[in-house]
Amino acid sequence: MILQRIFALALLAVCAALAVMAWPYQAAFSYEPVGPRAYPLLVLGLMGLGLLYLVFRPTPIVRKDDEPELDRETLIKITACVGLLIVFAATFEALGFILSAILVGLPMARLYGGRWLQSAIVVAGMSIFLYWLFDRVMDVPLPLGLLSVLEN
């Protein structure tokens with residue numbers, strides 16, 4: 001238990017040092033209004049919150065058994081996930097973010113046991129919400145692809 005807390009504190013110190021190094025960073029030019037320093041600071045902040053939880057949690061994390069072995073089913077799922085991510089990267093520009101996210105998200109949800117209707121509703125909703133969040137709130141343009149006819 002004490003070793004877990006010491007390890008979490010050491011990683012928290014590393015996150016703090018990296019955040020101090022990332023804070024003054026300014027790029028000469030930026031394509032995104034959020035800027036190049038926001039992403040590392042966000043990731044380091046989230047890591048810091050998780051590490052604080054690990055330091056102050058009341059009980060240690062106890063594993064009941066070892067890591068599951070890489071059986072055939074697990075390897076097929078990993079291969080399918082990698083293949084779906086390649087499909088997402090290949091269709092991102094042509095189909096646009098929303099359609100490519102739906103195209104990849106639905107089989108991904110089904111791969112991990114989601115039902116058809118619930119998977120379709122959640123994946124479509126998340127795709128539209130994430131497009132809106134990036135495009136409108138964070139002002140990070142994402143391609144609409146085939147749905148560009150709906151743009152005003």
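This is a predicted model: local features need pLDDT of at least 70, side-chain atom pairs count only at pLDDT 80 or more; totals for chains, interfaces and linings use all residues.
Residues are numbered from 1 along each chain as its sequence is written, and side-chain values use heavy atoms, with hydrogens and water left out.

Now to the answer: Arg5 counts as buried because its relative accessibility is 17%, where buried means under 20% relative accessible area, exposed over 50%, and partly exposed in between, with a 1.4 Å probe and protein chains only. Arg5 sits in helix H1, and, leaving aside neighbours within four places in sequence, Arg5 is in contact with Leu54, Val55, Phe56, Arg57 and Pro58, contact being heavy atoms within 4.5 Å.

Helix H1 covers residues 2-22 and also holds Leu11, which counts as partly exposed because its relative accessibility is 33%. Together with Phe7, Val14, Leu18 and Met21, Leu11 forms a nonpolar patch on the surface, with about 490 Å² of accessible area together; areas come from the Shrake-Rupley method with a 1.4 Å probe, and for residues only the protein chains shown count as cover. Such patches are made of residues with over 30% relative accessible area and no salt bridge, with like charges joined within 9 Å and nonpolar side chains (Val, Leu, Ile, Met, Phe, Trp, Tyr) within 5 Å, a salt bridge being a side-chain nitrogen of Lys or Arg within 4 Å of a carboxyl oxygen of Asp or Glu.

Turning to the whole chain, there are five helices and zero strands, taken as DSSP runs numbered from the N terminus (helices H or I, at least four residues; strands E, at least two). Of the 152 residues, 20% are buried.

The largest nonpolar core consists of seven residues, Phe92, Phe97, Ile98, Ala101, Tyr131, Leu142 and Leu144, and helix H4, residues 97-111, gives the most to this core, with three residues. A core here is a set of buried Ala, Val, Leu, Ile, Met, Phe, Trp, Tyr and Cys residues joined through side-chain atoms within 4.5 Å.

As for confidence, the mean pLDDT of the chain is 84, and 85% of its residues reach 70 or more, on the predictor's scale from 0 to 100 for each residue.
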